[in-house]
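Dear colleague,

Please find below the structure that I am handing over to you. My notes on what was found follow directly after it.

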Amino acid sequence: DRAAEALAEEQAVDFVAVHRLVARIADAPLDEYWAGQWGMVPVQGPAAWNIGWAAPDVAIAIADTGVQQQQMDLRERTWYNPGESGVDPTTGRRTSNAPVAYNGVDADGNGYVDDCRGYDFVARDNDPSDEYVHGTFVAGIAAASTNNPDPFIPGGYEGVAGMAREA
């Protein structure tokens with residue numbers, strides 16, 4: 001700390017921050033692109049995993065360009081509106097193999113018809129698919145599945161690791 005104080009007093013120095021190791025990484029994800037996820041270290045994402053990984057009942061809303069629902073890291077993480085989609089509210093799991101219940105009715109009374117997976121406020125429809133990929137990228141940073149096997153590469157792992165690994 002003395003070195004930081006002395007450095008801060010130098011006229012040519014604008015800013016000094018002491019770096020401290022907060023925690024050790026609980027485990028390094030096996031995901032293919034983990035090494036390129038440079039943003040996880042500055043926000044101490046791996047250190048946060050030592051404390052907890054969020055919870056399955058935590059929903060993260062991404063207000064962006066939409067989400068590619070079938071993207072490998074996100075397809076098991078997609079929230080379904082229980083008032084519109086046939087999702088069991090106690091387990092959060094779908095009650096049928098049909099992921100979306102299009103019946104033309106605003107079953108939950110929120111003003112949006114069949115908003116089973118969210119709503120596209122630009123196109124004003126119930127298809128929040130991502131035409132620009134940015135929203136999918138952001139959703140992956142937030143909650144991509146971690147250590148999920150790649151079905152095309154034996155022994156390989158798909159994609160990226162999400163910050164909230166269980167959300």
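Apart from its neighbours within four places in sequence, Thr146 is in contact with Pro29, Asp31, Arg77, Ala161, Gly162 and Arg165. Thr146 belongs to the segment after helix 4. Its relative accessibility is 16%, and because buried means under 20%, Thr146 counts as buried. Please bear in mind that this is a predicted model, here and in all that follows.

Two residues deserve a remark on their backbone angles. Most residues other than glycine have a negative phi. Gln44, although not a glycine, has a positive phi of about 60 degrees. Gln44 is placed in the loop between helix 1 (2-8) and helix 2 (45-51). With a relative accessibility of 36%, Gln44 counts as partly exposed.

Val133 is likewise a residue other than glycine with a positive phi, in this case near 75 degrees. The loop that holds Val133 runs between helix 3 (82-85) and helix 4 (134-143). Val133 has a relative accessible area of 43% and is therefore partly exposed.

I turn next to the aromatic residues. A pair of aromatic rings is described by the distance of the centres and the angle of the planes. The count comes to 3 aromatic pairs. In one of them, the ring centres of Tyr112 and Phe121 are 5.4 Å apart and the planes stand at 85 degrees, so this pair is edge-to-face. Tyr112 and Phe121 also form one aromatic cluster together with Tyr119. Are Tyr112 and Phe121 buried, partly exposed or exposed? Tyr112 is partly exposed, at a relative accessible area of 30%, whereas Phe121, at 54% relative accessibility, counts as exposed.

Rolling a probe the size of a water molecule over the atoms shows where empty space is left. The second largest pocket has a volume of about 430 Å³. It is lined by 20 residues, of which Gln37, Phe137, Gly140, Ile141 and Val160 are the closest to its centre. What is the make-up of the lining of this second largest pocket in nonpolar, polar and charged residues? The lining holds 11 nonpolar, 7 polar and 2 charged residues.

With kind regards

Definitions and conventions:
Residues numbered from 1 in each chain as written. Predicted model: local features only at pLDDT ≥ 70, side-chain atom pairs only at ≥ 80, totals over all residues. Heavy atoms only, no water. 1 Å grid on protein atoms, 1.4 Å probe; cavity = no way out; pocket = protein on both sides within 12 Å on 5 of 7 lines; lining within 4 Å. Points joined across faces, edges and corners; volume = space filled by probe spheres on them. Nonpolar A, V, L, I, M, F, W, Y, C, P; charged D, E, K, R; others polar. Helix = DSSP H or I, 4+ residues; strand = E, 2+ residues; numbered from the N terminus. Buried < 20%, exposed > 50% of the residue type's maximum accessible area, 1.4 Å probe, protein only. Contact = heavy atoms within 4.5 Å. Phe/Tyr/Trp six-rings, centres within 6.5 Å; stacked < 30°, edge-to-face > 60°.
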